[in-house]
Structure formats: C-alpha cells, structure tokens
Amino acid sequence: MQIHMIAVGNKMPDWVQQGYNEYAKRLPRECELLLKEIAPDKRRSGDIARITKDEGERMIAALPSRAHVVTLDIPGKPWTTPNLAQALQRWLGNGQPVALMIGGPEGLSQQVRDLAQESWSLSPLTFPHPLVRVIVAEQIYRAWSLLNNHPYHR
C-alpha cells in the first residue's frame with residue numbers, strides 16, 4: 001500500500017526534506033510514504049477563496065485512483081498514537097492507496113474537505129506547514145512501529 005502525502009508548498013528548507021526523508025525511508029515497501037508537492041498560488045492578490053480553490057483543484061488532480069482521502073485539518077479528529085495505528089492497520093487492510101491532504105497557509109479548499117473519508121487534527125495549535133510534513137511522516141512511522149512491535153514506538 002502507498003500513502004501519498006499531498007501537500008501545498010514547494011522549495012522547502014533542507015531540514016524539512018531531511019526530516020521527512022528520515023522517516024519515509026524507515027517504512028517498508030508495503031507501507032510506502034510518497035510526497036507530492038503542490039505549487040502554492042501567489043498570495044499577493046489577496047483573493048483567499050480563489051487561491052484555496054485553485055490549490056484544492058491541483059491537490060485533487062494529484063490523487064491516485066481509488067484513494068482513501070484523509071484531510072489534515074484542525075477541525076478533524078485528534079488521534080492518539082494507538083488511534084493512528086488502528087487507522088493505519090485499517091488502511092493497510094483495505095488495499096487502497098491513502099492520500100493525506102495538507103493544505104497551504106489558508107488551509108484546505110471545501111472541495112478537498114468534501115472528498116475526505118476521514119479528517120485528522122494533529123493539534124488545536126497551528127503548525128508551520130513545512131513542520132507538518134515531518135510530524136506526519138514521524139507519526140506514520142511510529143504507528144507502523146507500534147503495529148509491528150518495533151521498539152521505536154515506546
């Protein structure tokens with residue numbers, strides 16, 4: 001199974017790519033984590049509704065066929081590590097690709113939210129979007145470790 005992290009933003013600092021890569025490479029092929037970056041729109045126009053709509057359309061176009069869509073959104077459900085491990089186990093059992101949708105600074109478009117089968121909130125805090133990539137990659141690896149009795153999860 002593949003987990004596609006579809007995230008608005010490109011040209012990330014080196015530490016973001018290094019952090020993401022560190023956890024993505026630890027996952028086995030049967031739980032492969034792939035990053036698809038969506039170029040952000042220019043924020044100069046101030047038309048936030050248009051910007052999020054355009055970014056959302058590009059995110060949707062990047063979805064793999066038959067994907068189980070999970071948004072990362074503050075109004076989503078807060079999951080503990082065991083909750084995420086249960087979700088990961090369910091995703092692995094479904095055999096469908098999973099798409100984790102991470103919006104830009106203004107969040108996700110309504111179109112993307114409407115496609116979601118699940119919505120996951122990392123925290124009621126707002127994190128910098130580059131940091132979210134690293135946190136999510138680490139948490140996916142931690143959940144996989146928990147399911148496989150690997151000592152990392154402790």
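This is a predicted model: local features need pLDDT of at least 70, side-chain atom pairs count only at pLDDT 80 or more; totals for chains, interfaces and linings use all residues.

1. Let me start with Gly-76, which sits in strand S3; helices (H or I, at least four residues) and strands (E, at least two) are DSSP runs, numbered from the N terminus. Gly-76 is buried, with a relative accessible area of 14%, where buried means under 20% relative accessible area, exposed over 50% and partly exposed in between (1.4 Å probe, protein chains only). Its contacts, not counting residues up to four places away in sequence, are Ser-119, Trp-120 and Ser-121; contact means heavy atoms within 4.5 Å.

2. Residues are numbered from 1 along each chain as its sequence is written, and side-chain values use heavy atoms, with hydrogens and water left out.

3. Next, Glu-118, which is found in strand S5 (residues 118-121). Is Glu-118 buried or exposed? Glu-118 counts as buried because its relative accessibility is 15%. Its side chain makes a polar contact of 3.0 Å with the side chain of Arg-90. A polar contact is a pair of N or O atoms within 3.5 Å; within protein, one must be able to donate a hydrogen and the other to accept it, and residues adjacent in sequence count only if both atoms are side-chain atoms. Leaving out residues up to four places away in sequence, Glu-118 also touches others, including His-68, Trp-79 and Trp-91.

4. Asp-41 belongs to the loop between strand S2 (32-38) and helix H2 (48-61). Asp-41 is buried at a relative accessible area of 14%, and a polar contact of 2.8 Å joins its side chain to that of Arg-58. Beyond four places in sequence, Asp-41 touches Arg-50, Ile-51, Asp-54, Glu-55 and Arg-58.

5. The largest pocket holds about 330 Å³ of space. Of the 20 residues that line this pocket, Leu-72, Asp-73, Ile-74, Thr-126 and His-129 are the closest to its centre. On a 1 Å grid over the protein atoms alone, a pocket is an open set of points where a 1.4 Å probe fits, with protein on both sides within 12 Å along at least five of seven lines; lining residues have an atom within 4 Å of a point. Grid points are joined across faces, edges and corners, and a volume is the space filled by probe spheres set on the points. S3 supplies the largest share of the lining, three residues.

6. Finally, a backbone check. Arg-66, in the loop between H2 and S3, has a positive phi of about 60° although it is not a glycine. Arg-66 is exposed, with a relative accessible area of 57%. Asn-149, in the segment after H5, has a positive phi of about 55° and is likewise not a glycine; Asn-149 counts as exposed at 65% relative accessibility.
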